[in-house]
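Okay, thanks for coming, everyone. Have a look at the screen, and I'll talk you through a few things.

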Amino acid sequence: MNIDRIVLTTFPGYFFSQIRCLHSIQQYAAGFPVDIIIDDFDIQHWPTYVTDCQLYITQCFPDLDIAFHQFSDFVGQNRLKNGGWFRQQLVKLYLDQFVTGDRWLLVDADVVFTQDIRLDTISATVNNSSNPIDVGNRLYVKFMLGTNQPWVVNKDEYWCLSSVPFRLLHRDLLQGLRAHVESLHGKSLFDLHLELFEHNQLVAFDPDSQTMIMSEFQLIELFRHRYYHTPLPIGRCISSGFEHSSIKDWNTARIWFKQQLPVCEQHWKSLENFGKYRA
């Protein structure tokens, strides 16, 4: 793969899943340094989480070249009072301000690769009918990019570009995206999102399909497809084999993890306690 680094974003709910993810990266994409960006907000119910996370990963992968970062390293994140989903998507739109290099494989920490990773095409799933998320994503892309064509091929096909939680990103791609949005709206991408979020104009879900629904991957890929100097082909299928479930670790049986990973009592109790307040 023609990349400089692999970047993982994680939070307490993927404390054990992130180890499975890293094992699969070692199997199918070995040899690259890894950046791990840790969500260190809203951890009052697991105050030792950041240290626990760093130590657990380094103990499991003592020979891996790892650089740790925290969401709070990003200027302005302290203005986000709630909305973990919102915070985690914004961080990806500013990935170039966290990590070195110019080309990265960005991976969500609950992904487990099952075969070699292909980055020469953008994977997508395609539906012929819409749902509230598809509609909300189109409203979001239309507003952010100022386009009347917030779709990939035609308005009657709904290409979901966020269904695959890993992708190739470039430094100049993210910088170009932010410059495009900021030139159009006259304010920073961060401030624009925060303003919309605080006024309930940008949400995680709207069953009535009337409100913008944020999807950082949909925004990135539509910008790459329509505006970037080197777009990638978009395929109608998944080009790389992987497992992904979005189920938080506290909803998974401890014995299942113990069959694959070292699971200490302290970490499991901390995870369970954290999950009680996030259910």
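Predicted model: local features only at pLDDT ≥ 70, side-chain atom pairs only at ≥ 80, totals over all residues.

Residues are numbered from 1 along each chain as its sequence is written, and side-chain values use heavy atoms, with hydrogens and water left out.

So, the core. By that I mean buried Ala, Val, Leu, Ile, Met, Phe, Trp, Tyr and Cys residues joined through side-chain atoms within 4.5 Å. Buried is under 20% relative accessible area, exposed is over 50%, and partly exposed is in between, with a 1.4 Å probe and protein chains only. The largest nonpolar core has 90 residues, and those touching the most other members are Ile6, Phe16, Leu22, Leu93, Leu95, Val107 and Tyr140. Helix α6, residues 189–198, gives the largest share, six residues. Helices here are DSSP runs of H or I, at least four residues, and strands are runs of E, at least two, numbered from the N terminus.

What does tyrosine 140 touch, leaving aside neighbours within four places in sequence? Its contacts, meaning heavy atoms within 4.5 Å, include Leu93, His193, Met212 and Leu219.

Now valine 112, in strand β5, residues 111–113. Valine 112 counts as buried because its relative accessibility is 10%. Beyond its sequence neighbours within four places, valine 112 contacts Arg20, Cys21, Ser24, Phe242 and Glu243.

Two of those names come back in the salt bridges. A salt bridge is a side-chain nitrogen of Lys or Arg within 4 Å of a carboxyl oxygen of Asp or Glu, and the structure holds 16. Arginine 20 pairs with glutamate 243, closest N and O atoms 3.6 Å apart. Arginine 20 sits in helix α1 (residues 17–28) and glutamate 243 in strand β11 (residues 242–244), so this pair ties together parts 223 residues apart in sequence. Arginine 20 is buried at 18%, while glutamate 243 is partly exposed at 41%.

Then there's aspartate 35 with arginine 5, at 2.3 Å, N to O. That pair links strand β2 (residues 34–38) to strand β1 (residues 5–10), 30 residues apart. Both partners are buried: aspartate 35 at 2% and arginine 5 at 14%.

That's my tour, so over to you.
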